Amino acid sequence: GDTAKQITQIHGWFLLLMIPIEFLNYHSQTKLYQRLFGIVGNKLSYKYLYKISLELNFVNHVVPSGGVTGLSYFSLRLKDGSKLTASKATLVHFMKLALTFLSFLLLLIFGLLSLAIMGKASNIVMLVAGSLSTLVILGTVGFFYMVESRTRINNFFTNLTKALNKIIHYFRPKYPETINVTKARHMVDDFHENYKQIKSRYRELQGPFGWALLANITEVMAVYVVFMAFGDFVNVGAVIIAYAIANFAGLISVLPGGVGIYEALMATTLAATGVPASVSLPVIVAYRIVNTVIQLPPGYYFYQQNLSQSGQKSIHESS
């Protein structure tokens, strides 16, 4: 009854704010990619990268795989469209993720301070936020520790390739080496060389870091305007932490977009900060629906457009 009443009292014009917010979000992601590719010596057009960002979001939502499918699509897309090596595209994508996670730590700190000022920073909230921060820092440090050494990164990917080949061979006995180990080593060498180029120009990462921070801010803003649409001006710190936990869980979900898990975790986290489920659940559901309606159709359109162009190209080359 309360939920139905809330829905009928939505201030729809607040929801319209999600359109410019999402546009700014993809603008930030596009500029982030553009600056990173510039550091490794590739000038890619804004329009081209904006379309790829939309396509990538569509792929990650439709095929839940912790971002692995999206990474593969990103590498193949840039290889076909810009003649970039898969290793360079992969490195840029990893750098984008690293900067996005690291910049979100600033938002987490701001969120905890906001909750602490209002007396809503409970022990469980502090524990969860601290755990997330620790995972981000350890993951980032571990990644850079590995790629810093050619030997370490070669050993890691060589062993990974061999392990994957063994698993594939178990299901496909006729293919003892599906993934060519020698080619994998060449890719890793190229990956490491591009990493050294970024490292030598590390001061230029300030710009990409700023764009990553803006991308995170707009993500949180998109959630918050839905609360505003429902007339609920909750503590922004609660939204920041709930968003972080829900998205982290969404990365490992086996369901498209983390459906079910995302909503449950977000509502649970908000409840821990003093926002009752009767208030948060309608907002979360509305956010997910509106966000999907805004983002997925253009991503699907550009994804299908690329598939069509790739198909026509293959036909032309074979004729």
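**Salt bridges and a helix pair**

Me: What is the relative accessible area of Lys196?
Reply: Lys196 is partly exposed. That class lies between buried (under 20% relative accessible area) and exposed (over 50%), using a 1.4 Å probe and protein chains only. The value for Lys196 is 40%.

Me: What kind of model is this?
Reply: Residues are numbered from 1 along each chain as its sequence is written, and side-chain values use heavy atoms, with hydrogens and water left out. Local features need pLDDT of at least 70, side-chain atom pairs count only at pLDDT 80 or more, and totals for chains, interfaces and linings use all residues, because the model is predicted.

Me: Which residue meets Lys196 in a salt bridge at 3.6 Å?
Reply: A salt bridge needs a side-chain nitrogen of Lys or Arg within 4 Å of a carboxyl oxygen of Asp or Glu. Here the N to O distance is 3.6 Å.

Me: Which residues join Lys196 in one network?
Reply: Arg150 forms a salt bridge with Glu193, with the closest N and O atoms 2.3 Å apart. Arg150 lies in α8 (residues 150-171) and Glu193 in α9, so this pair ties together parts 43 residues apart in sequence. Salt bridges that share partners link Lys196 with Arg150, Asp189 and Glu193.

Me: How many residues apart in sequence are the parts tied together by Glu148 and Lys199?
Reply: These two form a salt bridge, with the closest N and O atoms 2.3 Å apart. Glu148 is partly exposed at 33% relative accessibility, and Lys199 is partly exposed at 41%. Glu148 lies in α7 and Lys199 in α9 (residues 181-200), so the separation is 51 residues.

Me: How many salt bridges does a search of the whole structure find?
Reply: Side chains of opposite charge can pair when their charged atoms come close. The search of the whole structure gives 7.

Me: Are α6 and α7 roughly parallel or antiparallel?
Reply: Helix α6 (residues 86-117) and helix α7 (residues 123-148) pack at about 155°, with axes 10 Å apart. Angles under 35 degrees count as roughly parallel, 65 to 115 as roughly perpendicular, over 145 as roughly antiparallel and the rest as oblique. So α6 and α7 are roughly antiparallel.

Me: How many nonpolar residues are in the contact of α6 with α7?
Reply: The contact (heavy atoms within 4.5 Å) includes Phe94 and Leu105 of α6 and Val136 and Phe143 of α7. There are 2 polar residues and no charged ones. The nonpolar count is 17.

How values were computed. Axes are lines fitted to C-alpha atoms, for helices over the stretch in contact, and angles run from 0 to 180 degrees between N-to-C directions. Helices (H or I, at least four residues) and strands (E, at least two) are DSSP runs, numbered from the N terminus. Ala, Val, Leu, Ile, Met, Phe, Trp, Tyr, Cys and Pro count as nonpolar, Asp, Glu, Lys and Arg as charged, and the others, Gly among them, as polar.
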